[in-house]
Amino acid sequence: MLVGANLLRRLLRSQLSADDGGTGFIITAIYHLRPHCSTTTEFSDEGNSEKKKESKWFTLPPFAKTVNASELGAKLARKNHLKSATSAETSAYETTALKWVLKCCPELPRNLVQKLFRLRQVRRESIAMEVTDDGCQVQKIQLKRVGAKDSLNIGDKIFLPISVCEVPEEKHEHDCTDEESNFIRSLELYKDTAIIVLNKPPGMPVQGGIGIKWSLDELAAAWLRYDYSESPRLVHRLDRDCSGILVMGRTQMSAAILHSVFREETLGASKHDSDNEKRVLQKRYWALVIGSPRRPKGTISAPLRKVVVDDGKSDRITVFEHNNTILSSQHAITEYRVIKTSTHGFTWLELSPLTGRKHQLRVHCAEVLGTPIVGDYKYGWQAHRRLQNLAESDLRKNSNEKVAKENMLPFGLNMDSGSISEKHLRLHLHCREMILPNVSQVLRNPKSFTDDDLSKLKSLEIVAPLPSYMQKSWDILNS
């Protein structure tokens, strides 16, 4: 199937409305009575000579006012009074030529669209006034080159080369069995018109890369699109060995709004902004740690920085003491409370990150609290060496290290092995609960929501059950 046919069907099928002069969704139908592929005369001035040629172009809808995702996300996060780092860009967030093309044509690969701009093959309609021989003024439509970052005005039309209709559609299908595709769909915790929430299994990366055969973003694009023309987009990330709630936006708009919410919560986090009642985005992780914190609850505020180790072969995150000369460190805040302690030297913690830094929870637990997370050999290898004396303890007497073949899940995953009763421990870090704004409710009619309405918007509360090996550790320590 060709991209052009898909685009035409999607654009003609969409009936999203835009109020006169107001902020609403884009008008996505190109032409109801005219074909979207048309022959247009292009004029270009080179010196004093004028060149004229006729070309066929793929015509996008006229630019119309859209929902400003950054601004709406800031309002949902109740940070619209703050001057965020992106506030200067919000006016142009969805008004550049590149963003308009990507919004209208989600089926086109991003790298292809960027290449078209680099090769100066994208045009914008321009109307010029000319005087005829008899002295009359007439309008003359011209197509002029437009840059990727050029701002658009209301009513501007963008033209792409007709060759985009001949680009094969990106194939998201993988050679998955029915069992594998059903497994991906079984991970769904929640779904509405704006988002899909998954219970990410431990051991599966959320993004593809070198040496990664399966990733959740690619599998979601293949099996979780349903009747949508767009693939689900990641809103945040979890470490490969971490499990739990993973939120994905079902459209570019919903993903951009939630990106803004996550970003504003991180930018606005401070010691005085830790009131749960005021935060519309709340993330609560469960972790089993070695040892016990000195205090049953508290707030960790410690900047983090990446350092290179092993002669540049790898890197790790570490805590840096507050120092104004360290410009590359990132402020990181985590709230914690003890859920349950055990006589075996383990403690269950609830961790609430107010910022979203890489490995934040793992480093704060290991370096600040002095209680590394079970199974985190990167940041707690010394504590795990001291656990070797548990090899013959009651926790491991009945341990069976062999994984039964029938317990193996699709994609080589296994969630049964790795509990504290076994020699090889898996990371005991799980995103168990998340509270976030109901974006789908806002997007039904964003113009009808005032700032006061947004502040009273009912939130979504998602809870993800523990993976089997963490549940087994919980049961063992409670027995």
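Biologist: Why is the crossing of H2 past H7 called right-handed?

Modeller: A crossing counts as left-handed if the near helix is turned anticlockwise from the far one by less than a right angle, and as right-handed if it is turned clockwise. H2 passes H7 in the right-handed way. Before we go on: this is a predicted model, in which local features need pLDDT of at least 70, side-chain atom pairs count only at pLDDT 80 or more, and totals for chains, interfaces and linings use all residues. Residues are numbered from 1 along each chain as its sequence is written, and side-chain values use heavy atoms, with hydrogens and water left out.

Biologist: How do you know which residues of H2 meet H7?

Modeller: Contact means heavy atoms within 4.5 Å. On the H2 side, Ala69, Ser70, Leu72, Gly73, Ala74 and Leu76 take part, and they meet Met253, Ala256, Ile257, Ser260, Val261, Arg263 and Glu264 of H7. The helices themselves are DSSP runs of H or I with at least four residues, strands are runs of E with at least two, and both are numbered from the N terminus.

Biologist: Let's turn to charges. What makes Asp156 and Arg124 a salt bridge?

Modeller: The term asks for a side-chain nitrogen of Lys or Arg within 4 Å of a carboxyl oxygen of Asp or Glu. In Asp156 and Arg124 the closest N and O atoms are 3.3 Å apart, and the pair qualifies. Asp156 sits in the loop between strand S4 (137-145) and strand S5 (158-161), while Arg124 belongs to strand S3 (residues 123-131), so the bridge ties together parts 32 residues apart in sequence. The structure holds 8 salt bridges.

Biologist: Why is Asp156 called buried, and Arg124 partly exposed?

Modeller: Buried means under 20% relative accessible area, exposed means over 50%, and partly exposed lies in between, with a 1.4 Å probe and protein chains only. Asp156 has 12%, so it is buried. Arg124 has 21%, so it is partly exposed. The loop between S4 and S5 also holds Lys157, which at 18% is buried. The C-alpha atoms of Lys157 and Thr59 are 7.2 Å apart in space, although 98 residues separate the two in sequence.

Biologist: How do you know that Arg233 and Glu230 form a salt bridge?

Modeller: Their closest N and O atoms are 2.8 Å apart, which meets the cut-off. Arg233 is partly exposed at 25%, whereas Glu230 counts as buried at 15%.

Biologist: Which residues does the salt-bridge network around Arg362 join?

Modeller: Arg362 pairs with Asp376, with the closest N and O atoms 2.8 Å apart. Arg362 is in H8 (residues 360-368) and Asp376 in the loop between H8 and H9 (377-386), 14 residues apart. Salt bridges with shared partners join Asp239, Arg362 and Asp376 into one network. Both Arg362 and Asp376 are buried.

Biologist: What makes H8 a mostly covered helix?

Modeller: In H8, 7 of 9 residues are buried, among them Gln360 and His364.

Biologist: How do you know that Thr334 makes a polar contact with His364?

Modeller: A polar contact is a pair of N or O atoms within 3.5 Å; within protein, one must be able to donate a hydrogen and the other to accept it, and residues adjacent in sequence count only if both atoms are side-chain atoms. The side chains of Thr334 and His364 make one at 2.8 Å, and Thr334 has another with Gln360, also at 2.8 Å. Thr334 lies in strand S14 (residues 333-341) and is buried at 1%.
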